Amino acid sequence: MRIIVIEDDAAVADALAALLAEAGCDIRVYGSAETFMASGPPVDGDVVVVDLGLPGISGRDVIRWLGGLAARPRVVVISGKAERDLTRELQGLAFDGVLRKPPSVNWLPEIVPDRTATP
């Protein structure tokens, strides 16, 4: 299983990559939706962690694109937006979890359900 992180905030991306690497995950980090989508679609079993507030192609558009794939990956949304805005933006989209910024060790089980947070 590969974890794909799409996050334009370098500090958040680095913290998340460090958390996932410590758990032994295979990680790919993209700073934009455009670079992620140019790399080709994820494969079966991948997990895509996508920032909802991406510039350019939005996180919402990425989630919609992923939902149209023959084998939709597990999709986890990360956002610092207010709950009301988040609910409105995610309406009608297929996703598997939502995590609120800032990054936390508690994010690990939501991203990789068979892993637990380290003390």
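**Exercise 1. Find the residue in β2 that stands opposite Val 5.**

Solution. Val 5 faces Val 29. Now step back to the strands themselves: β1 covers residues 2–6 and β2 covers residues 26–30, and the two run parallel, joined by five bridges. (Strands count as paired when DSSP finds at least two bridges between them; helices, H or I of at least four residues, and strands, E of at least two, are DSSP runs numbered from the N terminus.)

Before going on, note that this is a predicted model, where local features need pLDDT of at least 70 and side-chain atom pairs count only at pLDDT 80 or more, while totals for chains, interfaces and linings use all residues. Residues are numbered from 1 along each chain as its sequence is written, and side-chain values use heavy atoms, leaving out hydrogens and water.

**Exercise 2. Work out which residues of α4 are buried and which are exposed.**

Solution. Start with the cut-offs: buried means under 20% relative accessible area, exposed means over 50%, and partly exposed is in between, using a 1.4 Å probe and protein chains only. In α4, residues 83–90, the buried ones are Leu 86, Glu 89 and Leu 90. Looking down the axis of α4, these fall within an arc of 90°, so they line one face of the helix. (The arc is taken from the directions from the helix axis to the C-beta atoms.) Next, turn to the face pointing away from that buried side: Arg 84 and Thr 87 are exposed there. Finally, see what covers the buried residues: α3, β4 and β5 are among the elements that do.

**Exercise 3. Name the residues with the most contacts inside the largest nonpolar core.**

Solution. A nonpolar core is a set of buried Ala, Val, Leu, Ile, Met, Phe, Trp, Tyr and Cys residues joined through side-chain atoms within 4.5 Å. The largest one here has 17 residues, and Ile 6, Phe 36, Val 50, Val 62, Ile 63 and Leu 90 have the most contacts inside it. Then ask who supplies it: β1, α2, β3, α3, β4 and α4 each give at least two residues. The top contributor is α3, with three.

**Exercise 4. Find what Leu 69 is in contact with, leaving aside neighbours within four places in sequence.**

Solution. First place Leu 69: it's in the loop between α3 and β4. Contact means heavy atoms within 4.5 Å, and Leu 69 has Pro 41 and Pro 42 as its partners once those sequence neighbours are left aside. Leu 69 and Pro 41 are 28 residues apart along the chain, with 8.1 Å between their C-alpha atoms.
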